[in-house]
Amino acid sequence: MSYLSFLSFEYLIAFEGVEDLIEGIMDRGRRANQVLVNKNSKIYMDLKDIVRDHALPYLPAKSLFRFTGVCRDWKLDILTPFFAHKQSNCFSDISGFFYQSRADPPSFISLDRNAYGVPDPCLKFLPEPVDIRTSSNGLLCCQGRDGYKAYYICNPVTKKWKKLPKANADHGSDPAIVLIFEPSLLNFVAEYKLVCAFPSVDFDNGYEFEIYSSKEGSWRVSGEIYFGNKTLVPRSGVHVNDIVYWQAMGSQILVFDLKMERTQLLYGDFYGTGGCAALGLMDGKLCLTKAQSSGLTVNVLSNAYTNTMEMNSKARTWKTKHQITLSPSPFAPAADRLSSNIMFASGNVVLFRSGGKIYSYNLKTKETQCVGDEFDYDARIVSHVNSLVEI
């Protein structure tokens, strides 16, 4: 790559808005034609190649569909399976949220309406009405309302979907299920897993675990059983480095190691939050985001084995990563956390409700924005990455 081409690429990625990016690309192209084409036309061709190979794959799907109108070459390239595979590995930003209130169809809350979106927010392309359950890196897991209440894995951007076979166990009406999908350059078709923790029918106060593997195309119940008088929060599951975590009642976290298929209980540091806390993934680590009187506190898991260490050890389970002051504070006192609590916290995004509104806070830009109205405090909300991933 020439030095001038490198500078051109740096110039392109400096843009923050989609419209600015398009305008910048076209303007640079015009100037390249006017000034340099007679001397060395390869400079202009290098710029086109750099944009195609090193800028476009890092953009969200909605922006890419708009970019198909820039030129014929870009359109043909963007619509290829190879480009979709590359984009699914390069773009991973939280783009918005699917929101579903009780029996209503889902809707979509975009964090940037110009850049992020899906063609069918109500998911009518699926063969039956569904409830949203969980998501991972562009894939969305929904559950049908008819028959055996089948699970569906879909990409809301491409509207492609797959119906999973019937599970062996009864997962309940609000399953504690987690979708696990990690994009890989080696897999052109997504390989994913579903993990569900469900109350055992054979053992009192026990939890069992059922796992679906897309590679195997089947469900199986793990031999591991967790014994303990704990109740899991169904929509709290998080996957981090082959380990699944669920928030449990009583300021604790149930841990399931996917490789070893072993469980343990972890201290969750939920005291004083009034339930206003959320598990998530930040910088490759489990995080716990809590609402405080002045704003937000983000803690990351530092040591999961402090309960096995000697007495008076200085090792701590959690370490504070961010202390965020919000003025005025959007969070109500702990006794009234139904009307104001944290709905999601992962990556650079924290989503919370307050005063009948839904707000997002960006940890990178430190900006807060209102993204929608809150109609149902018991609504489901699932994050979305605007990816072209193939199922």
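Author: With the rule for pairing: a salt bridge is a side-chain nitrogen of Lys or Arg within 4 Å of a carboxyl oxygen of Asp or Glu. The model is predicted.

Reader: How many salt bridges does this rule give?

Author: Side chains of opposite charge can pair when their charged atoms come close. Applied here, the 4 Å rule gives a count of 13 salt bridges.

Reader: What is the N to O distance between Asp174 and Arg235, and how many residues apart in sequence are the parts they tie together?

Author: The N to O distance is 3.2 Å, so the pair meets the 4 Å cut-off. Asp174 sits in the loop between strand 6 (160–163) and strand 7 (176–181), and Arg235 in the loop between strand 10 (218–227) and strand 11 (238–240). The bridge therefore ties together parts whose separation in sequence is 61 residues.

Reader: Are Asp174 and Arg235 buried, partly exposed or exposed?

Author: Buried needs under 20% relative accessible area and exposed needs over 50%. Asp174 has 25%. Arg235 has 40%. Asp174 is thus partly exposed, and Arg235 also counts as partly exposed.

Reader: Asp283 and Lys321 meet in a salt bridge. Which of the two counts as exposed?

Author: Their N to O distance is 2.9 Å. Asp283 lies in the loop between strand 15 (277–282) and strand 16 (285–292), while Lys321 is in strand 18 (residues 318–325). Lys321 has a relative accessible area of 36%, so it is partly exposed. At 65%, the exposed one is Asp283.

Reader: Now the serine. Is Ser200 buried or exposed?

Author: Ser200 is in the loop between strand 8 (192–199) and strand 9 (206–213). Its relative accessible area is 12%, which is under the 20% cut-off, so Ser200 is buried.

Reader: Which residue has its backbone nitrogen 3.1 Å from a polar atom of the Ser200 side chain?

Author: Leaving out residues up to four places away in sequence, Ser200 touches Gly206, Tyr207 and Glu208. The backbone nitrogen at 3.1 Å from the Ser200 side chain belongs to Phe203.

How values were computed:
Residues numbered from 1 in each chain as written. Predicted model: local features only at pLDDT ≥ 70, side-chain atom pairs only at ≥ 80, totals over all residues. Heavy atoms only, no water. Helix = DSSP H or I, 4+ residues; strand = E, 2+ residues; numbered from the N terminus. Buried < 20%, exposed > 50% of the residue type's maximum accessible area, 1.4 Å probe, protein only. Polar contact = N/O pair within 3.5 Å; in protein donor to acceptor, adjacent residues only side chain to side chain. Contact = heavy atoms within 4.5 Å.
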